[in-house]
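Please read it beside the sequence and the structure.

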Amino acid sequence: MKDLTKYRNIGIFAHVDAGKTTTTERILKLTGKIHKIGEVHDGAATTDFMEQEQERGITIQSAATSCSWNDHRLNIIDTPGHVDFTIEVYRSLKVLDGGVGVFCGSGGVEPQSETNWRYANDSEVARIIYVNKLDRVGADFYRVVKQVEDVLGATPLVMTLPIGIEDDFVGVVDLLTRKAWVWDDSGDPLKYEIQDVPADMADDVEEWREKLIETAVEQDDDVMEKYLEGEEPDIETLKKCIRKGTISLAFFPTYCGSSFKNKGVQLVLDAVVDFLPNPTEVKPQPEIDLEGNETGSFAVVDPDKPLRALAFKIMDDRYGALTFMRIYSGKLEKGMTVLNTFTGKTERIGRIVEMHADSREELDEAQAGDIVAVIGMKNVQTGHTLCDPNAPATLEPMVFPDPVISMAVAPKDKDGSEKLGIALGKMIKEDPSFRVETDEDSGETILKGMGELHLDIKVDILRRTYGIDVEVGKPQVAYRETITQRVEDSYTHKKQSGGSGQFGKIDYIIEPGEPGSGFVFESVVTGGNVPREFWPAIEKGFKNSIDQGVLAGFPCLDFKVTLVDGAFHAVDSSAVAFEIAARSAYRQSIPKAGPQLIEPIMKVDVFTPEDNVGDVIGDLNRRRGMIKSQEPGTTGVRIKADVPLSEMFGYIGDLRTMTSGRGQFSMEFSHYLPCPKNVAEEVIKEVQERNSKK
């Protein structure tokens, strides 16, 4: 029986370039998992094992690895920082008990850190904060702490203070013990001395230590009372208070260091063990029945309860498909049969492995609290629940955003098309935010994703990992259509040809809905003019029509249909007749309801040196952007704006030109807005031309 109190399932997440992967490498070195440290900028990091990751120096897939520290077992997931891959962060947070948020000492709280922080808040994941890169020019620990309060609205509990800054950064002061950890210049993380606090820092240390104690003792009334009477709690009591506050998300213990220079990482590892929750201390996952309603039961972390496991990631490698899963309750054993509640089919568990980045260790069984991978599962996808066939239940599934950008791809040679189908099938399983469709008229394969970089990497994986040379079309924006006017209308479907006929009459109102409401159907028919059993068929008829808008064939969003009256025939009316009536009614009435093209608007966050602010804002205005805010920082200015996606293609090149390569930006989908008339006319014309060529 494993002691679950000694387990920590944690994720490391942050903005691009804040040093997540470097921090993970240092943790693996300190815990004895690797002997030579790989560097991200050399393309040799352990957890970045995809070629695309090594070349670009960014993490794309979250990698899982296990190690031990102070007699505790850590399951660590290193997640990507780039906004196009937030889906990886989101699904990792879903299965974690705690997290380490890494912030750059000079960059501070960057756009992606905000998104990840928001996801972590939604998932109620306890976190500690690590301010990294304090050896960099422009680093300022106290400024980042202030940003955590102002930008993230969080309460940082400062646990260590830096000794020196930028080139003079030599170590940290641990506020709990009032001891200084000072590393030498060898770069060896184990070569440090524990000394007394430098004399010039004594006042600062006392001031911050007092803040720490005052915040921590609020977690325990007895300790607080004694403290107010002048009795300072001992370190063990303080640690208990800090642990309680961390797990309840009252505050976030905040550490500092430089992972690259190997300074400060040990204290972060100690904090993971001391303050982050073990699997039994986290709110258990609610179980839902097959209809999606909460049953009131929870998947309690207990090896003796029925099996509940969530597949949170699928990865294809040289041994076949790996399904990563978090076991919430029960045991998973080699050779056992499990039920997938999504497909309703059972699967046999073949090989269970524990992952260390891309190498593995075979296991015979795993139990509640573990994160493991299973080789060779056939029909499992991300978000599926695997459970005991005799006690079925579903854990809350993951929700993935809709793609906002698409592009056509075609293999350059005939042999490529079969290979392309197989490769894309594997890629869809691995990444639920990536979709593939075939255009029925042209036969083209359409890839859909979360942004330009997302699709770029997918094409790169096709070329390199699967060896398929593809031709790529221009990226296309996922436009939508909606209506602007209320229309009252009526439609009668009549067909008479030998035998029983078809008859269905509906009177209805179509009106614009709230933005983001999708399609809403309501029936207010009284007196049985349209019998209740036909209402679902009418709703289905409208619902199945909304994929084809009347302007340019884009899906139609945000409108409501109210069925007010109608008529039926005792013999000739059927569900099919009413469904056909609804389909025809849609085609008849939507053109009368002031149809309008709407476009995806992206939340864009640009970082630029101060000298280039005017150029960047002028350029965003030319792209029909709405500037939301400007925030000056020490190294430059952050500009937030809402910009139509169609205007953002190729933006990174233009931004680099304007800022001599120093500008950065990130964007994520925000909402849909009506297109200006000239843009809408252009899009409709383009679609018509494309259709006429087919």
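Two strands pair if DSSP finds at least two bridges between them. Helices (H or I, at least four residues) and strands (E, at least two) are DSSP runs, numbered from the N terminus. By these terms, an open sheet of four strands has the order β31-β32-β34-β33, with mixed pairing. The model is predicted: local features need pLDDT of at least 70, side-chain atom pairs count only at pLDDT 80 or more, and totals for chains, interfaces and linings use all residues. Residues are numbered from 1 along each chain as its sequence is written, and side-chain values use heavy atoms, with hydrogens and water left out.

**The four-stranded sheet**

- The edge strands, each pairing on one side only, are β31 (487-495) and β33 (519-523).
- From one strand to the next, the twist averages 25 degrees.
- β33 and β34 (residues 559-567) run parallel and are joined by five bridges; Glu-522 has Thr-562 in β34 as its bridge partner.
- Helix α12 (residues 535-545) lies across β32 (502-512), β33 and β34, at about 155 degrees to β33; axes are lines fitted to C-alpha atoms, for helices over the stretch in contact, and angles run from 0 to 180 degrees between N-to-C directions.
- Helix α13 (residues 575-589) lies across β31, β32 and β34 and runs at about 40 degrees to β32.

- β8 (residues 171-174) pairs with β9 in the antiparallel sense over four bridges, and Asp-174 stands opposite Lys-179 in β9.
- Four residues separate β8 and β9 in their hairpin, and Arg-178 in the turn has a positive phi of about 55 degrees.
- β9 also pairs with β10 (residues 192-196), antiparallel over five bridges; Trp-183 has Tyr-192 in β10 as its bridge partner.
- Four of the five residues of β9 (179-183) are buried, meaning under 20% relative accessible area, with exposed over 50% and partly exposed in between (1.4 Å probe, protein chains only).

**Helices α6 and α8**

- The axes of α6 (residues 202-217) and α8 (residues 235-247) come within 8 Å and cross at roughly 65 degrees.
- Leu-212, Ile-213, Ala-216 and Val-217 of α6 make the contact with Leu-238, Cys-241 and Ile-242 of α8, where contact means heavy atoms within 4.5 Å.

**Helix α15**

- Tyr-651, Leu-655 and Met-658 are buried in α15 (residues 651-658).
- Seen down the axis of α15, the buried residues fall within an arc of 65 degrees, so they line one face of the helix; the arc is that of the directions from the helix axis to the C-beta atoms.
- These buried residues pack against β35 (595-608), α14 (613-622) and β38 (664-674).
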